[in-house]
Amino acid sequence: MFASIMYKEWLKIRWTYLGGAVLGVFIVFEIFLNLGQIIEFNKANSVWNYIIFQKYLFYSDFQFLPAFIGLIVGIAQYFPEIQDKRLKLHLHLPMRENNLLLSMVAIGTVLLIIIYSFLLIGLSLVTLIYFPYEILVSLLNTVLPWIVAGFVIYFIAAALFIEIRWARRILIGVIAFAFVSMFYYYMGYDSFNKAIPVFTIIALSLSLLILLSGYRFKRGTK
Amino acid sequence: MLVKTSRNILILFVIFVLAIFVPDFYWKIFEKNIRAPFVLYSPVIHDFIISKFDDKTMVRMDNEGNLLTRDEYEELEPLFFYRQIVMTGKMPDSLDGMEIDIQELRRNNFSYRIKPDAIEEPFIQLYPLLESKSGRAKLEMPDEFIRLQNRCEFINCESNEVVEDLSETFSKAFTDIGFKFPAAKIFGNPTTRKPFDEGYFITDSAGDLFHLKRVKNKPYLKKVNRPNGVNVKYIVVTENERREFYAILVSEASKIYLISYNDYEFINTPIEDYDYRVHELMMRGNILYRSFTFSSDDMIRMVVTDREYNKIDQYDEEWISRENTSAGKFSKMVFPFTLSIIDAKEPFINFYFLFSDTRALIGIFISLIIAVILYLRKKIKLKFIWIDYIVILLTGIFGLIAVLLVRYEE
Amino acid sequence: MENVVEVKNLTHYYGKKLVYENLNFNIKRGSIFGLLGKNGTGKTTTINILNGFLKPKAGHCYVFGEDSYNLSPETKAKVGFLIEGHIQYSFMNIKQIEKFYSAFYPKWKKEPYYELMAKLKVTEDQKISRMSCGQRSQVALGLLLAQDSELLILDDYSMGLDAGYRRLFLDYLEEYAKSESKTIFITSHIIQDLEGFLDDCVIMDYNSVLLSMPISEFKERFRKYSFNVNGDKIEMHKDNVVKNFEQIKNKIVIYSFDEIEQIKRYLGQKQIHFSEIKEMPMTLEDAFIGITGKY
C-alpha cells in the first residue's frame with residue numbers, strides 16, 4: 001500500500017521535481033562557470049584569499065535553491081490534495097489517517113533528500129576542482145542551514161495546504177516565514193556550526209505539523 | 001496522541017519564534033541609544049577628557065565635569081587631533097618636555113582593537129605565507145597557501161595541488177623545532193596591505209607558541225617562550241613600522257601581554273578586570289603614552305601608561321545598562337526569558353537565552369489568570385488544557401499567545 | 001436484518017446555523033437507501049459524517065458498528081466512496097488510477113473497471129482532468145465496482161450528468177447491487193431517476209426530515225388536491241394533514257397523505273369555504289417538488 005501511495009505522490013510531483021532538479025543542475029553549473037571565469041580574470045591566490053578572509057561565498061546563488069525546491073515540491077504534492085477537497089480520497093484509503101498523512105510527508109522528504117544530496121555532490125565536485133577540502137567543508141557547513149530551510153518550507157507547505165482555516169494558515173505562514181528567515185541570517189561561512197543541530201531538530205519536528213492540519217481537515221471539512 | 005504531539009510542536013514552535021521576535025520588536029520601539037563615552041588622556045593637563053552623547057548632542061568635558069568647547073577639547077589632546085591642531089596652528093612646541101615633530105608624532109600614533117566576537121571567529125584554516133624579504137617595495141600575495149594539519153603543506157592555488165619541495169622544507173623545520181601538529185590557532189594578517197610582513201604566530205596542539213615567516217622561500221621558525229601559566233587565547237600581529245612589539249597577546253586568563261621585538265620577551269601590561277569574553281579592547285599609543293580601554297554595555301575603563309607600560313592613571317565610568325532602564329525593568333516582568341540567535345559578543349549564530357528573575361513571576365501570573373478566565377468562560381475541561389497551563393507557567397506571555405493562537409482540539 | 005449504517009439523533013451546526021437536529025435512520029444490509037432533498041439541506045453533511053470527514057455536534061453514526069469518525073482501515077476497505085462531483089485523482093490516467101487503487105483492496109476486480117472504460121471514448125493515457133464530466137463519472141463508478149465494497153456511499157451521483165449518463169450510472173449500480181447484494185447509500189436532488197431503484201428513502205428539508213419511507217409508498221400515498229375559495233382572506237398552515245400548499249389568488253393547491261374525504265373534513269373544521277375540490281394527478285417529480293416546496 002505504501003508503494004502505491006508512493007506511486008501516486010510521484011505522479012503528482014514528478015514534473016515539478018524534475019524541473020527542480022534541472023534548475024538545480026543549472027545553478028550548480030552556473031556556479032561552476034562563474035568560478036572558472038573569476039579565476040580566469042583574477043589570480044587564483046587572490047580568489048582564495050577573497051573566499052577565505054573576505055568570506056566571499058562563490059556559491060551564494062545556491063542559497064535559495066533548496067527552499068525553492070522544497071516549496072514547489074510542497075505545492076505540487078499538496079495543492080492537488082486540497083483542490084475539491086480531494087484529500088478525502090486519500091484519507092478514505094484503508095490505512096490509519098495519521099499513517100496516510102505521514103506517508104505523504106515521508107515520500108516528499110525522501111525525494112528532497114535525494115535531490116539535495118545530488119545537488120550537494122555536484123557542488124562538492126565543482127568546489128574540489130578549484131579548492132582544497134577545507135573550503136568544501138566550510139561550504140557544506142554553510143549550505144546546510146539552507147538545506148534545512150528547504151525541509152522546513154516543505155513541511156510547512158504540507159501543514160499549510162492541508163489546513164482548512166485561513167486564520168490558522170496565516171499564523172503558520174507568518175511564524176514559518178520568521179523562522180525560515182533565520183536560516184538566511186548570514187555572518188560569514190561556518191556561522192551556523194553551533195546552532196545547526198538544534199535548528200535541524202526543530203525542522204524535523206515540523207514534519208508532524210501535517211497531523212494537526214489533517215485532524216482539523218477531518219474534523220471540520222464542509 | 002500524535003495529533004496532540006503535533007499541536008504541542010506547533011505551540012513550541014510559535015513560542016520559539018515569539019521569544020525571538022517579540023522582545024526584538026519591543027526593543028526596537030523602546031530602546032534608547034546608550035553609547036559608551038569616548039575617553040582620551042590629555043598630555044596637556046595630565047587628566048582624562050571625555051566626550052559623550054547627551055541624548056542627541058555631543059558633550060565634551062574634562063574629568064571634573066567642566067564643559068569644553070570643541071576647540072578647547074581638541075587642543076587638550078593635540079597628539080590625537082594633530083591634523084586639526086596643525087591646521088589651526090595651535091600645536092605646542094613641546095609636550096612633557098618632548099619636542100614635537102609632526103612626522104614623529106604621526107609615526108608613533110597607533111591603535112588596535114580586539115572585539116570579543118573576533119576571538120572565536122571561524123576561519124578556513126588555509127593561510128597565504130607571504131614572502132617577507134622579497135626585495136620588492138610592495139608585498140605580494142604568494143602562489144601557495146599553507147595548511148598545518150599533519151605537516152606544513154603548501155598548496156598551489158592555481159593548480160590546487162600540494163607543492164612537495166616547499167612542503168618538505170618547511171615541515172622539516174617544524175619537526176626540528178618540536179612543533180606538535182596539527183596547529184591549534186594561527187594568527188596573522190593575510191593581506192598585502194601592510195608595510196611589511198611578520199608572518200604568523202602559531203600555537204601547536206601542545207599549546208606552545210611559534211613564530212613563522214617565509215624568508216627568501218626558507219622557513220624562519222622560532223619558538224616563543226611563554227612565561228609560566230600564560231596560555232594563548234588570541235593574538236593580534238601588529239606589523240607596525242616602529243617595531244616595538246610583534247603582537248598583542250590575550251591569555252586564557254584575560255591578561256594582556258605584548259610580545260617584544262627584543263627576543264620575544266613578554267611585556268606585562270597593568271590591566272585588571274579585563275575579560276575577553278565580554279569586553280571590547282582598544283589599545284592606543286602615541287609619542288608619550290599608551291592607553292588600554294575596555295568597555296562593555298554598562299562600563300568603560302581606561303588605563304594610561306607610559307611607554308614602558310607603567311600605569312599612570314585610570315578612568316572608570318559606569319552607566320545604566322539597557323537591562324536596567326525602565327523599559328528593561330518592565331521587560332523583565334513581561335518576558336520570563338528572551339531568545340536571540342545572535343549576540344554581539346559571539347561570532348556564531350546560536351541560541352542566546354537571557355533569563356529574567358523573580359520579576360518574571362508577575363507576567364507569568366497575569367498570563368495564567370488571563371488563560372484561566374478565557375478557558376473558564378468557554379467551559380473547557382481541564383483535561384484538555386492542563387498542558388496549556390504548564391506551558392504558560394514556563395514561558396509566560398509567549399506561552400499565553402501561543403496557546404491562544406493554537407487552540408486546543410477536542 | 002442487520003443494519004450496515006445506523007444514524008442516531010444526529011445533530012449538526014455550522015457555527016450557529018443549524019443543519020439538522022436528531023436525524024435518525026438505519027440502512028439494512030443489501031438495501032438501497034436514498035437521502036433526498038434540495039441542495040443545502042444537509043445531504044453532503046451527512047455523507048461527510050458517515051465517512052468520518054466531519055465530527056457531528058451531537059448524536060452518533062455507526063458504519064458496520066464502528067463510530068464513523070474513527071473508522072478502522074478494515075472498515076474503510078469495505079466502504080466505497082463517491083465524492084460529490086465524481087472527484088478523483090485527475091492527474092492520473094485510466095491505467096494509473098486503476099493500478100493505484102488496486103493495491104489497497106484485496107478483493108479488487110479490474111475486469112468490470114476495464115469493461116466500463118472500454119465503452120468510453122478515451123485513450124488509456126488520457127488524464128482524467130481532460131475528460132468530460134460524464135466520462136469522469138464512469139471512471140469513478142468503474143473504480144467503485146472494482147473495489148467490490150460491501151457498502152457504497154454515493155454523494156450526488158447525478159451532479160453535472162445529463163440524463164443518459166445518469167441512466168447508465170444507475171443501470172450499472174442496480175445490476176451490481178442485485179447480483180452481489182450490496183448496500184448502497186445514495187444522495188440526490190433528482191428523485192424521478194430513482195423510482196424503482198430505492199428501497200428506502202429519507203427526504204430532507206432545511207433543518208428537518210420531511211419523510212422517511214419507501215418511494216413506492218410515497219408515490220402511492222402522497223396526494224395533490226386543488227380547490228377554490230371565496231374572496232375572503234385564507235391563511236393555510238403546514239401541519240399533520242397539509243404537508244405543503246400553494247396559493248394563487250383564490251385557487252389553492254395542497255399536498256397531503258390523506259384521502260379526499262379527510263381533506264374535506266379538515267377544511268370544514270378550519271371553516272374554510274371551498275368549492276371544486278379535486279385530486280390532481282402527479283408524477284414522482286411533482287410529488288417531490290410538492291413535498292419539498294419550490295423554493
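**The contact of chain A and chain C**

Tutor: One salt bridge is found across the interface of chain A and chain C. Its partners are Glu97(A) and Lys76(C), whose side chains come to 3.3 Å from N to O. Keep in mind that this is a predicted model, and that every value here is computed from it. Polar contacts across the interface of chain A and chain C number 14 residue pairs, with both residues at pLDDT 80 or more. On the side of chain A that touches chain C, at least two residues each come from helix 1 (2-41), helix 3 (65-82), helix 4, helix 5 (97-130) and helix 9 of chain A. Helix 1 of chain A gives the most to that side, namely seven residues. Sorted by class, the side of chain A that touches chain C holds 13 nonpolar, five polar and 13 charged residues.

How much area does this contact bury, and how many residues take part? Chain A and chain C bury about 3,000 Å² between them, and 64% of that is on carbon and sulfur atoms. Chain A puts 31 residues into the contact and chain C puts in 30 residues. The size of an interface is often given as the accessible area lost when the parts come together.

Next comes empty space. Rolling a probe the size of a water molecule over the atoms shows where such space is left. The count is three cavities of 30 Å³ or more. The largest cavity holds about 100 Å³ of space. Residues of both chain A and chain C line the largest cavity: Leu89(A) and His92(A) on one hand, and Phe81(C), Gln88(C), Tyr101(C), Tyr105(C), Ala140(C), Leu143(C), Leu144(C) and Gln147(C) on the other. Helix 4 (87-92) of chain A and helix 5 (133-147) of chain C each supply at least two residues of that lining. Helix 4 of chain A has already come up, as one of the elements on the side that touches chain C. Helix 5 of chain C gives the most to the lining of the largest cavity, with four residues. The classes in the lining of the largest cavity are seven nonpolar, three polar and no charged residues.

The second largest cavity has a volume of about 70 Å³. It has 14 lining residues, and those nearest its centre are Thr142(A), Trp146(A), Tyr185(A), Tyr186(A) and Phe192(A). Helix 6 (residues 133-162) of chain A gives the largest share of this lining, four residues. In class terms, the lining of the second largest cavity has eight nonpolar, five polar and one charged.

Strand 4 of chain C gives the most, with four residues. By class the lining of the second largest pocket has 14 nonpolar, seven polar and 14 charged residues.

Last, the other contact. Two pairs of chains touch, and the most contacts are between chains A and B. Chain B and chain C do not touch, their nearest C-alpha atoms being 10 Å apart. The contact of chain B with chain A takes 46 residues from chain B and 51 residues from chain A. The area buried between chain B and chain A is about 4,400 Å², with 72% given by carbon and sulfur atoms. Of the area that chain B buries against chain A, Phe13(B), Ile124(B) and Ile349(B) supply 17%, more than any other three residues.

Across the interface of chain B and chain A there are three salt bridges. Among them is the one between Glu134(A) and Arg147(B), whose closest N and O atoms are 2.5 Å apart. Eleven residue pairs are in polar contact across the interface of chain B and chain A, both residues being at pLDDT 80 or more. On the side of chain B that touches chain A, the elements giving two or more residues are helix 1 (2-30), strand 7 (127-128), strand 8 (144-148) and strand 9 (152-156) of chain B. Helix 1 of chain B has the largest share of that side, 13 residues. The classes on the side of chain B that touches chain A are 30 nonpolar, seven polar and nine charged residues.

Notes: Residues numbered from 1 in each chain as written. Chains lettered and ligands numbered in written order. Heavy atoms only, no water. Contact = heavy atoms within 4.5 Å. Buried area = accessible area lost by both parts, 1.4 Å probe. Salt bridge = Lys/Arg side-chain N within 4 Å of Asp/Glu carboxyl O. Polar contact = N/O pair within 3.5 Å; in protein donor to acceptor, adjacent residues only side chain to side chain. Nonpolar A, V, L, I, M, F, W, Y, C, P; charged D, E, K, R; others polar. 1 Å grid on protein atoms, 1.4 Å probe; cavity = no way out; pocket = protein on both sides within 12 Å on 5 of 7 lines; lining within 4 Å. Points joined across faces, edges and corners; volume = space filled by probe spheres on them.
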